[in-house]
Amino acid sequence: MLNGRRILLIIGGGIAAYKALELIREIRRAGGSVTPVITRGGAQFVTPLSAAALAEAKAYTDLFDLTDEAEMGHIRLSRSADLVVVCPASADLLAKMAAGLADDLATTLLLATDKPVLAAPAMNVRMWEHAATVANIAILKGRGITIIEPDVGAMACGETGPGRLAEVPRLMEAITAALGAGVLQGRHILVTAGPTHEPIDPVRYIANRSSGKQGFALAGALAALGARVTLVAGPVALTTPPGVVRVDVETAQQMAAAVAAALPADAAVMVAAVADWRTEAAPAKIKKDGNGPPALALHENPDILASLAKGPMRPRLVVGFAAETSDVIAHAQAKLARKGCDLIVANDVSGDVMGGDRNLVHLVSAAGVETLPEAPKSAIAHALAARIAGLLNG
Ligand code: CTP
């Protein structure tokens with residue numbers, strides 16, 4: 001997917017720097033080339049020799065001397081690539097980028113480049129959440145630099161929280177998306193994800209259980225294949241995948257309106273767990289008055305998927321999801337017909353799929369039923385994205 005694409009990889013300091021070596025290998029496997037640049041801090045964790053060996057190219061460091069300058073000036077080096085990737089981006093390196101400092105080779109290249117820049121931060125959770133870092137990230141985003149949000153999890157320092165370098169598949173997704181190198185180039189794909197919340201009063205709501213993880217992963221995987229992705233998201237605690245345009249909504253009616261506003265699209269993939277019913281929201285918190293629970297009059301929500309599949313603006317490919325707790329295939333087949341879509345991705349949610357990281361799905365279409373092997377939601381997302389690309393591209 002990265003055939004012939006050139007990436008200037010700036011390896012900053014931090015324990016996560018070893019993952020940059022894995023990234024070099026993945027970029028090369030995808031057909032891209034890498035010129036590694038290692039900061040002084042980065043060189044404490046990985047050696048220029050290992051980066052150069054994996055890249056099969058010269059690795060530049062601060063020892064970039066006059067001989068190098070004669071071979072390849074730093075301005076030319078900064079522009080010789082199609083994309084600049086900073087991985088890992090330490091708090092210090094991000095601060096220097098935000099301030100426009102140029103006191104070593106990496107920061108000089110970053111200031112001199114005219115190419116898109118991706119930065120994958122990795123640091124201790126307190127450093128990531130510090131007001132200074134938050135402000136620096138905002139400045140960098142404002143300048144059009146793509147930040148590959150760190151993962152949440154246990155860190156080498158023993159603390160837990162956001163700050164772990166994104167895993168290599170997500171870094172690769174961001175790189176392919178930034179280079180617009182995929183097979184879905186020029187396609188617009190609409191994805192819905194997460195639950196909807198239907199307010200009962202200002203503090204209570206009706207909702208379906210959904211973490212949004214599968215839909216967000218799919219939106220990211222589609223963007224990684226080059227699609228322009230509009231992600232209509234219900235209330236979830238997830239970061240937007242790189243290259244994805246996100247529209248936040250709360251209720252099913254808002255989701256229906258956002259979907260209509262995002263048309264036309266080449267494909268629509270409705271992963272959202274839309275609440276089937278809504279009620280008239282009380283303007284103030286309903287108090288317990290001793291007369292028992294209030295009676296809620298429920299109204300059916302619009303079926304966003306069915307209206308889209310049967311409407312005048314129908315995308316060429318319409319994919320639905322079906323989360324079932326029994327007779328998974330039979331229910332999915334019934335939904336396929338009832339909703340008028342081309343494919344239903346069905347899964348059994350009687351276990352701990354909801355909110356979990358793994359999934360097992362069946363692809364149900366007029367052509368039959370195919371079961372994908374159980375896998376992490378990110379891997380399922382890539383498999384589905386490839387399938388969608390195949391269907392769209394015939
Ligand atoms: N869906 C939708 N709008 C709704 C309800 C569902 O767009 N109001 C979409 C979901 O995003 C999903 C598919 O329809 O892609 C199936 O959702 P599901 O909740 O399983 O279907 P329901 O029609 O609600 O069927 P039931 O609750 O009877 O299983």
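1. A residue is called buried when its relative accessible area is under 20%, exposed when it is over 50%, and partly exposed in between, with a 1.4 Å probe and protein chains only. This is a predicted model, in which local features need pLDDT of at least 70 and side-chain atom pairs count only at pLDDT 80 or more, while totals for chains, interfaces and linings use all residues. Residues are numbered from 1 along each chain as its sequence is written, and side-chain values use heavy atoms, with hydrogens and water left out.

2. An N or O atom in the side chain of Lys339 is 2.6 Å from an oxygen atom of the ligand, a polar contact being a pair of N or O atoms within 3.5 Å. Lys339 also forms a salt bridge with Asp303, with the closest N and O atoms 2.8 Å apart; the term stands for a side-chain nitrogen of Lys or Arg within 4 Å of a carboxyl oxygen of Asp or Glu. Because Lys339 lies in helix α13 and Asp303 in the loop between β15 and α12, the pair ties together parts that are 36 residues apart in sequence. Asp303 itself, at 30% relative accessibility, is partly exposed.

3. Around the ligand there are 14 residues, and Met270, Ala272, Asp276, Lys335 and Lys339 are the closest, where a residue is near if one of its heavy atoms lies within 4 Å. This shell divides into eight nonpolar, one polar and five charged residues. Backbone atoms take part as well: an N or O atom of the Ala272 backbone lies 2.7 Å from an oxygen atom of the ligand, and a polar backbone atom of Ile304 is 3.0 Å from a ligand nitrogen atom. Taken alone the ligand exposes 570 Å², of which the protein buries 79%.

4. The structure holds 19 salt bridges, and two further pairs deserve a look. Asp92 and Lys96 have their closest N and O atoms 3.3 Å apart, and because they are four residues apart in helix α5, they are separated by about one helical turn. Asp92 is partly exposed at 46% relative accessibility, whereas Lys96 is buried at 17%. In the pair of Asp201 and Arg204 the closest N and O atoms are 2.4 Å apart; here Asp201 is buried, with a relative accessible area of 3%, and Arg204 is partly exposed, with 32%.

Terms used: Polar contact = N/O pair within 3.5 Å; in protein donor to acceptor, adjacent residues only side chain to side chain. Areas by Shrake-Rupley, 256 points an atom, 1.4 Å probe, with all protein chains shown as cover. Nonpolar A, V, L, I, M, F, W, Y, C, P; charged D, E, K, R; others polar. Helix = DSSP H or I, 4+ residues; strand = E, 2+ residues; numbered from the N terminus.
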